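Could you walk me through how the pieces of this protein pack together?

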Amino acid sequence: MRCTAKWSSILYLLSLHAALALSIKSFILRHWWYPSTICNSLTNQYSLSNSSIYLGDKEGIFEKHGIEIEYVPFQAAQPIAVAAQTGDIHVGSGALTAGFFNLLAQDANIKLVADSGREAEGHRLTALVASNAAYEAGLTSLEDLKGKKFGITSTGSSQHIAIGQMLETIGLTIDDIELVTLGGISNIAAALESNQIDAGLLLSTAGTPLIDSGKVQLISWVGDVVEMQTTGVYFGKAMLNDEELATRFLAAYLESVQYYHETVLGNADQESESFKQSVATLAEATGIAPELIAANPTYVDPNGEVWEENMQTWVN
């Protein structure tokens, strides 16, 4: 069995972070003990939030648990949740959105089961940046955002929630800025470079090169202002109906998370062979330069646990 997309001619499958273009990657899981095929969707080919999956696949961890992963391109995060809910895919992994939480609230055959990425202090996942024109005009801090044009990917996205929570730390609200929805990280980057918007949020792998080259100006890293759950792994209708397979997938995923911590996130020796090999694997999987990966590893809970208390802030 192959997964067929309801909404387009491509297959539905999984991934999150875009480097300069929001293109999403998915995969199909074949498991050895059944003749059927399992469809998984990972938002964004260029996503370091899927580091554990890429490493687990490369190192044979999923294979050990009887799962083969075949990656297929995908275009957005929200349709993945819908596809999981309807049973078109088994597993999704990507950015959490307002639409996703609406499905959760409806108890609609979808369940968040593991962490895949968080904004955390000291970890450079997402940068709040200003255009050069806005920076030169005085936009140098979070407080200066009031009344400014601010680029986000879409209404209800993790970016939308993040800037709202950041503003609340200084007594402002989302209504104090002018939101401009641009559809993708590459569009936000282009609008910042051309001074069409005053500020926006860029994933570290997209923002760092622009910051280093002086094309945009760093105001702060999101995780240093607010810590929040931004991405996750979730099961859809098909997986929820197969407890044995779900258990096996989670076992493989959590082992992969531990491998990611051992070789990358918790590895202080960047000259070690294990660190270099894991970074090389992630560079091959995402197309992101190794030096950017080494400098910007995504934080994931070492036990893959979802930050349940933080989930309430999305609901609110």
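## Helix H1 and its two neighbours

H1 and H10 pack with their axes 8 Å apart, at an angle of about 95°. That makes H1 roughly perpendicular to H10 (angles of 65 to 115 degrees count as roughly perpendicular, under 35 as roughly parallel, over 145 as roughly antiparallel and the rest as oblique). Axes here are lines fitted to C-alpha atoms, for helices over the stretch in contact, and angles run from 0 to 180 degrees between N-to-C directions. Helices (H or I, at least four residues) and strands (E, at least two) are DSSP runs, numbered from the N terminus. On the H1 side, the contact uses Ser51, Ser52, Ile53, Leu55 and Gly56, and on the H10 side Tyr253, Ser256, Val257, Tyr259, Tyr260, Thr263 and Val264. Contact means heavy atoms within 4.5 Å. Sorted by class, these residues are seven nonpolar, five polar and no charged (Ala, Val, Leu, Ile, Met, Phe, Trp, Tyr, Cys and Pro count as nonpolar, Asp, Glu, Lys and Arg as charged, and the others, Gly among them, as polar).

H1 (residues 51–58) also meets helix H11 (residues 273–286): their axes come within 10 Å and cross at roughly 105°. That makes H1 roughly perpendicular to H11. Ser51, Tyr54, Leu55 and Lys58 of H1 touch Ser278, Thr281, Leu282, Glu284, Ala285 and Thr286 of H11. This contact of H1 with H11 has four nonpolar, four polar and two charged residues.

## Where the model comes from

This is a predicted model, where local features need pLDDT of at least 70 and side-chain atom pairs count only at pLDDT 80 or more, while totals for chains, interfaces and linings use all residues. Residues are numbered from 1 along each chain as its sequence is written, and side-chain values use heavy atoms, with hydrogens and water left out.

## The nonpolar cores

Which residues have the most contacts inside the largest nonpolar core? They are Phe62, Met239, Phe249, Tyr253 and Ile293, in a core of 31 residues. A nonpolar core is a set of buried Ala, Val, Leu, Ile, Met, Phe, Trp, Tyr and Cys residues joined through side-chain atoms within 4.5 Å. Buried means under 20% relative accessible area, with exposed over 50% and partly exposed in between (1.4 Å probe, protein chains only). Elements giving two or more residues to this core include H1, H10, H11 and helix H12 (290–295). H10 gives the largest share, nine residues.

Another core, of 21 residues, lies apart from this one, and Leu167, Ile177, Ile219 and Val222 are among its members.

## The sheet and its helices

Now for the strands. Five of them form an open sheet in the order E9-E8-E10-E7-E11, with mixed pairing. Strand E9 (178–181) and strand E11 (216–221) are at the edges with a single partner strand each, so one side of each has no neighbour in the sheet. Two strands pair if DSSP finds at least two bridges between them. E9 and strand E8 (residues 149–152) run parallel, joined by four bridges, and Gly151 has Val180 in E9 as its bridge partner.

Helix H7 (residues 185–193) lies across strand E7 (126–131), E8, strand E10 (199–203) and E11, at about 135° to E10. Helix H8 (residues 204–212) packs on the sheet too, touching E7, E10 and E11. Its buried residues are Ser204, Thr205, Ala206, Gly207, Thr208 and Leu210, and they pack against E7, H7, E10, E11 and H12.
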